[in-house]
Amino acid sequence: MITEQAAETWDRDLDHLFTTIGHHFGRVEPRRRMRDYVRALLAPVARKNSWQLAEHAGHSTPDGLQHLLLSRARWNPDAA
């Protein structure tokens, strides 16, 4: 079981990571989708498929996450 303090530390560290790599994304939307995707991957989601991850992130469909991950969005994964 993770403590509340550990969860807060992880949350701060993730925010720092996203701030650090954010410039590798051409627009704010992919930046936010990547943040949502990583947070959903780290969350206690029973099945890690597009629909469940999008639902956990508060998206109505997985389209935005799929757009990001299927290389249609402009960003540099090697640099990030």
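Trainee: Is D36 buried or exposed?
Mentor: D36 counts as buried, because its relative accessibility is 15%. Buried means under 20% relative accessible area, exposed means over 50%, and partly exposed lies in between (1.4 Å probe, protein chains only). Please note that this is a predicted model, in which local features need pLDDT of at least 70, side-chain atom pairs count only at pLDDT 80 or more, and totals for chains, interfaces and linings use all residues. Residues are numbered from 1 along each chain as its sequence is written, and side-chain values use heavy atoms, with hydrogens and water left out.

Trainee: Where is D36 placed?
Mentor: D36 is in helix α2, residues 28-42. Helices (H or I, at least four residues) and strands (E, at least two) are DSSP runs, numbered from the N terminus.

Trainee: Which residues does D36 touch, not counting those up to four places away in sequence?
Mentor: D36 touches A57 and H59 on that count, where contact means heavy atoms within 4.5 Å. With H59, the side chains also make a polar contact at 2.7 Å. A polar contact is a pair of N or O atoms within 3.5 Å; within protein, one must be able to donate a hydrogen and the other to accept it, and residues adjacent in sequence count only if both atoms are side-chain atoms.

Trainee: Which residue forms a salt bridge with D36?
Mentor: R35 does, with the closest N and O atoms 3.3 Å apart. A salt bridge is a side-chain nitrogen of Lys or Arg within 4 Å of a carboxyl oxygen of Asp or Glu. R35 is partly exposed, at 31% relative accessible area.

Trainee: How many salt bridges does a search of the whole structure find?
Mentor: The search finds four. One of them joins the side chains of D11 and R39, at 2.4 Å from N to O. D11 lies in helix α1 and R39 in helix α2, so this pair ties together parts that are 28 residues apart in sequence. D11, D15 and R39 are linked in a network of salt bridges.

Trainee: What about R27 and E29?
Mentor: R27 and E29 form a salt bridge too, their closest N and O atoms being 3.0 Å apart. R27 is exposed at 53%, whereas E29 is partly exposed at 31%.

Trainee: Changing topic, where in the chain is confidence lowest, and where is it highest?
Mentor: Helix α4 (residues 63-69) is lowest, with a mean of 79, and helix α3 (residues 50-57) is highest, at 92. The chain has a mean pLDDT of 84, and 86% of its residues reach 70 or more. Here pLDDT is the predictor's confidence in each residue, from 0 to 100.
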